[in-house]
Amino acid sequence: MPDIEEVIRLHSPAKINLMLSVHGQREDGYHDLTSLMAGLDFGDELAVRLSDVDSLECTDPDLPTGPDNLVLQAAALFRRRAGLSSGFSFCLNKRIPVGAGLGGGSGNAATALLAMNRLSGDVLSMDELFDSAKELGSDCPFFIDGKPSLLRGRGEIVKSLPAEISKQLEGQRLLLFKPNFAVSTAWAYGHMRSLRSSDVYEPETVAASRLEGFFDGGALEDLLANNFERVVGLKFPAITLILEDLRRMGVPCLLSGSGSCCFALLDQSAASAEEIGACVRDAWGNAVFFIETSICGTKT
Ligand code: C5P
């Protein structure tokens, strides 16, 4: 019988897409993609305990904590799948900005599944958790394991990277910087479609050969590509301008997911974190979200 006072606290990591290649829309409305995704040391913290009913508190007063929140959707789904009648009480220390392309909500939902399962005596297998995550959102399954992975399909087909590639990525230092506005993922995909131009998509073969180059020992900066960058940049040129400036300075950088957060690789950069920070603040103002973090290995 689980201890009802027991509280589980888990790191709920942010993610970046080191490569995101969108190939085109499918019949079900989703888009097929190939992506190399990595979890970060930076993230939220989720505390969970058993309770009579489901509830969610969040340190960010702007975040909706009603039934639409993916954490509470994860709780309802978990209870159904595990055949439980009890509820869960969640406390979310929110640090990951919303609408950033950092997978905050998806990561919270997957972390909630892991925590609820642990509190309930591991009633669901890892495969069942992974399957539940698929139902919650395209990016959610990645966070069940959280290791750097290759994603395909609509994002729900997750494959571990070869061990030596994972090892190479773990600990990679990077900067995250986000302008003072959010981008909705659904909007970004819709905007991509509305451009009605075949060159907004990238053929699978192009993504495959870029990945092959990296797996064969190519530089990480040559992997960085995201075809949301141009699409989102058409509406939000502030993103394009900063990324162009940084690239001129010799800084490998990219939009993460559908944005609006961007990242820069530190160890491969010709500029220091301070110089990059100065450039970002000069363009976007002093109140900008700007932090240093690293790619993490396994989920803790
Ligand atoms: O799967 P998820 O609910 O996180 O996706 C949010 C929205 O992003 C979807 O409703 C869909 O409009 C779009 N999407 C897509 N193709 C993907 C992933 C997401 O069109 N591969």
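**View 1. Arginine charges over aromatic rings in a predicted model.** The charged end of R154 sits over the ring of Y30, 5.0 Å from the ring centre. R281 lies over the face of F290, at 4.8 Å from the ring centre. A charge sits over a ring if NZ of Lys or CZ of Arg is within 6 Å of the ring centre and within 35 degrees of the ring normal. The model is predicted: local features need pLDDT of at least 70, side-chain atom pairs count only at pLDDT 80 or more, and totals for chains, interfaces and linings use all residues. Residues are numbered from 1 along each chain as its sequence is written, and side-chain values use heavy atoms, with hydrogens and water left out.

**View 2. Aromatic pairs.** A search of the whole structure finds ten aromatic pairs. F88 and F90 form a tilted pair, 6.4 Å centre to centre with 35° between the planes. F88 has 0% relative accessibility and so counts as buried. F90, at 2%, is also buried. F214 and F215 form another tilted pair, at 6.0 Å and 45°. Here F214 is buried at 2%, whereas F215 is partly exposed at 30%. Ring pairs link F78, F88 and F90 into a cluster. Rings of Phe, Tyr and Trp (its six-membered ring) pair if their centres lie within 6.5 Å; planes under 30 degrees apart are stacked, over 60 edge-to-face, the rest tilted. Buried means under 20% relative accessible area, exposed over 50%, partly exposed in between (1.4 Å probe, protein chains only).

**View 3. The largest nonpolar core.** This core has 67 residues. Those with the most contacts inside it are F90, L113, M116, F177, F228 and I276. Helix α2 (residues 104-119) gives the most, with eight residues. Domain 1 (7-163) and domain 2 (167-294) both contribute, so the core lies between them. M116 touches V48, A74, A75, F78, F88 and F90, not counting residues up to four places away in sequence. A second, separate core of 30 residues includes L36, L169, L211 and F263. A nonpolar core joins buried Ala, Val, Leu, Ile, Met, Phe, Trp, Tyr and Cys residues through side-chain atoms within 4.5 Å. Helices (H or I, at least four residues) are DSSP runs, numbered from the N terminus.

View 4. The centres of domain 1 and domain 2, taken over C-alpha atoms, are 23 Å apart. The contact (heavy atoms within 4.5 Å) takes 31 residues from domain 1 and 40 residues from domain 2. About 2700 Å² is buried between the domains, with carbon and sulfur atoms giving 67%. Buried area is the accessible area (1.4 Å probe) that two parts lose on being put together, summed over both. Domain bounds come from an automatic or database domain assignment.

How values were computed:
Helix = DSSP H or I, 4+ residues; strand = E, 2+ residues; numbered from the N terminus.
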